[in-house]
Amino acid sequence: MKWLTREDFTKQYDVVIVGAGHAGAQAAIALRQHQFVGTIAIVGDEAELPYERPPLSKDYLSQEKGFERILLRPARFWDDREVDMLLGREVDMVDPSDKKVIASDGSVIAYNTLIWAAGGRARRLPCAGADLQGVHSVRTRADVDNILGHLEEVEKVVVIGGGYIGLETAAVLSKTGKDITVLEAQDRVLARVAGRAISNFYEAEHRAHGVVIRVDAVVREIVGERGRVVGVRLANGEILDCGMVIVGIGIAPCIDALIAAGARYGNGVIVDEYCRTTLPDMYAIGDCALHANAFAGGAEIRLESVQNANDMAATAARAVVGELTPYRVLPWFWSNQYDLRLQTIGLSMGYDAEVVRGDPASRSFSVIYLRDSRVIALDCVNSTKDYVQGKRLVENGVRSAADVLSDTNLPLRDIS
Ligand code: FAD
């Protein structure tokens with residue numbers, strides 16, 4: 001009998017991508033598009049082939065789309081392009097000097113180039129009861145299947161966090177006839193990502209659909225009985241009864257293995273304009289990558305969006321094949337709630353004025369964000385024309401007066 005040695009578990013690839021999400025999948029696609037002929041493996045801890053995450057709080061949660069329809073590519077696609085999918089295993093160690101990663105099943109995978117695309121994990125509530133049965137997040141397919149598997153048993157759902165994911169989830173669940181309450185610790189929903197006009201509008205929309213929105217609502221504890229959630233206790237002592245809690249309070253980037261390996265980091269792995277980390281032959285892309293963003297005035301940020309995942313993947317892939325093109329892409333984002341499609345262009349952080357263009361009561365309007373009188377971002381609600389035409393204003397940092405920008409008789413394309 002032959003004892004298996006570590007070498008028996010060792011595989012070697014030209015490029016190893018850690019994380020089978022949007023960024024990881026797109027990196028492999030972009031490498032092949034750039035005629036990269038070397039071997040590629042994607043190592044992912046989820047069981048599934050790469051799938052779209054945005055539908056998890058939209059049409060996958062509402063069951064309008066089944067799982068096959070949210071796969072980024074069918075299985076055949078990866079076979080045809082000779083991308084090995086090493087799924088269901090987590091990379092817990094990176095050895096940058098030997099250029100190897102070690103996965104949770106003991107396998108050792110050697111690389112010439114490593115692309116770290118591990119995204120983030122849903123943040124847990126920092127209070128008692130966070131682990132009770134019936135407390136969920138919305139980050140993975142398994143999370144949503146778990147919610148759907150238990151939804152019938154409950155009447156009241158409390159959503160903690162009034163960001164996009166919490167609000168989208170509330171919008172979908174409001175259609176199930178359940179009693180839905182959204183708790184937001186700040187004084188308005190979407191406070192981290194949008195101005196007051198957008199917050200006011202969405203609060204009113206949710207209320208009109210029967211969702212209870214409570215702002216300034218700080219959660220102290222998740223109350224349980226026999227291991228299951230039965231309520232949420234607020235800082236003021238009030239207890240809200242519920243059978244399910246859905247937590248949408250952001251993510252923590254998955255970067256522990258890179259930190260242990262010596263990569264520079266802050267609120268994410270630090271990368272340069274080509275998505276290179278500070279470790280040799282190692283890139284980081286997507287939600288986990290902390291980068292200086294030109295549209296944030298050069299501030300170091302992590303962007304959590306499909307746009308950023310895809311465009312960073314393209315930047316890293318180009319760098320791997322020797323085409324160094326700096327990452328400088330105008331950020332965009334969307335959110336679907338009820339029959340409302342919000343489209344965002346640019347980054348509104350640091351704005352000093354917001355201009356409402358159109359009448360929110362018409363349910364088709366835009367908010368234009370300015371810093372030092374320059375347009376830095378637009379939030380467009382059911383207003384694709386403004387979204388398309390506003391792009392140039394943000395790209396060029398156009399200076400304009402509020403009364404010009406708010407004049408709906410003047411198309412944004414005519415403003416220079
Ligand atoms: P992910 O998609 O998170 O992929 C990372 C993968 O790596 C995951 O499968 C993770 O489990 C795995 N992983 C982590 N650690 C390891 C490890 N050590 N070893 C192996 N694998 C590991 N963006 C938009 O632009 N518009 C939207 O409307 C929108 N809606 C969203 C709705 C929801 C519910 C969620 C959760 C996200 C939404 N986003 C949206 C954000 C968008 O989905 C993310 O920005 C995008 O998925 C980031 O891609 P990524 O590849 O960096 O990370």
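A polar contact is a pair of N or O atoms within 3.5 Å; within protein, one must be able to donate a hydrogen and the other to accept it, and residues adjacent in sequence count only if both atoms are side-chain atoms. The model is predicted, so local features need pLDDT of at least 70, side-chain atom pairs count only at pLDDT 80 or more, and totals for chains, interfaces and linings use all residues. Residues are numbered from 1 along each chain as its sequence is written, and side-chain values use heavy atoms, without hydrogens or water.

Start at the ligand. A polar side-chain atom of R53 lies 2.7 Å from a ligand oxygen atom. D287 also places a polar side-chain atom 2.7 Å from an oxygen atom of the ligand. A23 uses its backbone: an N or O atom there lies 2.8 Å from a ligand oxygen. The protein covers 97% of the 990 Å² of accessible area (Shrake-Rupley method, 1.4 Å probe) that the ligand has on its own.

Now the shell. Of the 34 residues around the ligand (a heavy atom within 4 Å), D45, E46, R53, K58 and R139 come nearest. The shell holds 16 nonpolar, 8 polar and 10 charged residues. At least two shell residues come from each of α1 (22-33), β2 (40-44), α7 (306-320) and β22 (332-337).

Turn to helix α5, residues 196-208. G210 follows α5, with a positive phi near 90°.

Methods:
Helix = DSSP H or I, 4+ residues; strand = E, 2+ residues; numbered from the N terminus. Expected span 1.5 Å × (residues − 1). Nonpolar A, V, L, I, M, F, W, Y, C, P; charged D, E, K, R; others polar.
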